[in-house]
Amino acid sequence: MASKKLKHIKKYIPLYIMMIPGLLYLLINNYLPMAGLVIAFKDVDYRKGIFGSDWIGFKNFEYLFSTEDAWVITRNTMGYNIAFIIINTCLSVFVAILLSEMVAKGAKRFYQSAILLPFLLSMVIIGYLGNAMMNTELGFLNKSILPLMGMDPVSWYMEPKLWVFILPIVYAWKEVGYLSIIYYSAVLGIDTEYYEAASLEGATKLQQIYYITVPLIKPVIYTMVLLSIGKIFRSDFGLFYHVPLNSGTLYSTTNVIDTYVYRGLMQLGDIGMSSAAGAYQAIVGFIFVLISNLVVKKTSPDNALF
Amino acid sequence: MKTKEYYGIQILSHVILFLSAAVAIIPILILFSSSFTEQATIIQNGYNIWPKKFGLEAYEYLWKQRDQIFRAYGVTALVTVIGTAANIVVTSLLAYPLSRRDLPGRNFFSFLVFFTMLFNGGLVPTYLMYTEYFHIKNTIFALLVPTLLMSPWYVFLMRTNLSSMVPDAIIESASIDGATEFTIFRKIVIPMGRPIIATVMLFSGINYWNDWYNGMIYLTKAELFSIQNLLNRMLADIQFLSTNAAMAGNMGEMVASIPGTTVRMAIAAVGILPIIVVYPFVQNNFVKGIAVGAVKG
């Protein structure tokens with residue numbers, strides 16, 4: 001019996017061999033760093049090596065949470081994510097419905113490509129584009145748009161309050177094209193019979209959108225939102241670093257956990273603080289993923305991650 | 001039966017989508033147009049949608065700096081080609097066995113891949129491990145290996161697609177005919193899974209082309225900078241080009257005469273150009289890829 005099972009598994013040895021490079025990569029790129037989270041509980045000393053350094057318990061976390069930064073980065077990370085979820089979902093569902101209603105094929109294709117284009121640009125490039133718009137002396141806004149409306153130039157990179165609006169606008173600019181494709185394909189998946197039946201009954205187009213399209217893509221919207229809520233403790237580092245040009249004046253409204261960890265490690269060399277903030281993000285973030293997935297599983301089991 | 005409402009909705013969609021498309025494109029247009037504008041005009045009128053006075057100073061300046069820019073282009077191209085090739089090999093070699101329903105331990109291995117999507121160590125341990133134990137700092141591996149070499153999302157995307165694209169019966173009959181697993185993979189799985197392989201290659205290629213994060217973290221020496229890292233460095237420090245010019249011994253070149261404001265836009269334009277050129281050709285695949293979930297949100 002045992003030898004039969006062994007023989008059975010033997011047949012699959014080539015398949016296991018195929019998986020070795022990928023699994024090895026996961027070990028190095030993902031699992032070792034997970035184990036490395038213990039450094040948040042250590043006083044890192046390079047001479048003793050990372051795993052050989054002394055344990056100091058929750059000291060790093062105590063320092064972190066005694067600063068005001070801990071509150072600011074938590075508020076910013078979650079606050080922006082909530083704003084992004086609401087704004088981007090509304091805009092992209094709206095765009096998807098407009099695209100699906102549009103009859104002219106060529107125009108539809110053109111609009112879709114144009115709106116998707118920003119999604120292909122890197123955040124460094126978007127930092128340049130932002131600068132072309134918002135540069136104080138030369139920017140398109142200060143030189144062309146604001147004078148047209150009879151307004152004074154604004155020092156965009158000096159006013160933290162403005163960034164509460166700028167960052168969601170930039171992020172929507174980049175992401176709506178991508179999200180609208182997902183919702184658009186959900187609309188395309190709706191059985192046309194519903195619409196035929198509705199127009200036979202005399203339903204207007206707007207009624208059809210309201211009573212057929214929106215309810216039928218609701219599960220997709222719901223799932224996408226829940227998945228985003230699962231990622232509420234993570235943020236797009238480039239958006240918060242490159243677009244504000246890493247300006248110190250703006251930290252109060254642009255600093256998020258990811259940028260805090262980066263600056264702590266690379267610019268201040270404060271491994272204790274940044275590893276504590278990183279571990280805080282990893283653990284709380286994981287809890288959010290679990291909770292959001294639990295909800296997805298209850299409401300639409302097919303879309304649950306696990 | 002074309003009612004008033006029908007025309008109303010058509011016109012409304014055209015107006016709104018046209019405006020959205022304009023908003024999407026205008027900043028990119030300003031970037032290109034400013035790079036083709038005379039420096040003096042920019043200083044007077046600012047960056048604009050259309051060059052008021054055409055000038056090539058910025059590109060002439062870039063041409064003088066071509067060693068550095070071509071080098072960065074070369075690094076980006078090299079990393080994109082090698083990285084994408086490595087990615088597709090590693091990803092498909094892992095995804096195919098996981099797509100086989102009969103593989104013993106399939107769920108366990110799938111979970112190993114899956115768990116990395118839920119939880120990760122973050123920057124600090126990753127950075128310390130790659131630099132202290134694997135010594136990738138200031139090597140080409142810094143641009144190739146971390147994060148980009150294999151994405152669990154693509155593994156799952158490919159696993160799901162392969163199990164529906166390649167019927168079990170074909171694999172079984174090939175195996176009865178005496179084909180080894182590697183032959184089955186090469187002769188059957190790869191040809192039949194071509195669409196999903198192409199999609200993953202496209203996305204992996206874009207990820208490598210656009211990446212600045214690895215270079216920003218693991219590179220301090222400019223020789224290995226990709227085009228994105230060069231852009232990043234210049235955005236962070238506009239002085240970079242001028243000091244380099246001074247070091248290169250362009251004595252006649254006064255620092256003040258460097259067309260800084262237009263050069264900035266020109267080099268960013270040079271960075272975007274390949275994407276804009278390739279975009280129309282890959283657009284269909286790209287849209288399909290997003291629809292099947294190839295991009296992590």
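Predicted model: local features only at pLDDT ≥ 70, side-chain atom pairs only at ≥ 80, totals over all residues.
Two rings of Phe, Tyr or Trp are treated as an aromatic pair if their centres lie within 6.5 Å.

**Aromatic contacts**

Select A:Phe237, A:Tyr241, A:Tyr262, B:Trp212 and B:Tyr213; these residues form one aromatic cluster. Over all chains, the count of aromatic pairs comes to 38. A:Phe233 belongs to the loop between α10 (205-230) and α11 (237-241) of chain A, and A:Phe288 belongs to helix α14 (residues 271-299) of chain A, so the pair ties together parts that are 55 residues apart in sequence. Colouring by accessibility shows A:Phe233 as buried, at 2% relative accessibility, and A:Phe288 as partly exposed, at 23%.

**Charges over rings**

Next, select A:Lys42 with A:Trp55. The charged end of A:Lys42 sits over the ring of A:Trp55, 4.2 Å from its centre. A second case is A:Lys174, whose charged end sits over the ring of A:Phe119 at 5.3 Å from the centre.

**A nonpolar surface patch**

Turn to the surface and select A:Ile13, A:Ile17, A:Ile20, A:Leu24, A:Leu27, A:Leu32, A:Phe51, B:Tyr133, B:Phe134 and B:Phe182. Together they form a nonpolar patch with about 910 Å² of accessible area. Helix α2 (residues 13-35) of chain A contributes the largest share of this patch, six residues. A:Leu32 is located in helix α2 of chain A and is partly exposed, with a relative accessible area of 35%.

**Salt bridges**

Five salt bridges are counted over all chains. In chain A, select A:Glu101 and A:Lys205, whose closest N and O atoms are 3.4 Å apart. This pair links distant parts of the chain, with A:Glu101 in helix α4 (residues 68-101) and A:Lys205 in helix α10, 104 residues apart. A:Glu101 is buried at 12% relative accessible area, whereas A:Lys205 is partly exposed at 28%.

Finish in chain B, where B:Arg100, B:Asp102 and B:Glu181 are linked in a network of salt bridges. The N to O distance is 3.1 Å between B:Arg100 and B:Asp102, and 3.0 Å between B:Glu181 and B:Arg100. The latter pair joins helix α10 (residues 181-192) of chain B, which holds B:Glu181, to the loop between α4 (66-99) and α5 (106-118), which holds B:Arg100, 81 residues apart. Both B:Glu181 and B:Arg100 are buried, while B:Asp102 is partly exposed at 36%.

Terms used: Residues numbered from 1 in each chain as written. Chains lettered and ligands numbered in written order. Heavy atoms only, no water. Phe/Tyr/Trp six-rings, centres within 6.5 Å; stacked < 30°, edge-to-face > 60°. Helix = DSSP H or I, 4+ residues; strand = E, 2+ residues; numbered from the N terminus. Buried < 20%, exposed > 50% of the residue type's maximum accessible area, 1.4 Å probe, protein only. Lys NZ or Arg CZ within 6 Å of the ring centre and 35° of its normal. Patch = residues over 30% accessible without salt bridge, like charges linked within 9 Å, V, L, I, M, F, W, Y side chains within 5 Å. Areas by Shrake-Rupley, 256 points an atom, 1.4 Å probe, with all protein chains shown as cover. Salt bridge = Lys/Arg side-chain N within 4 Å of Asp/Glu carboxyl O.
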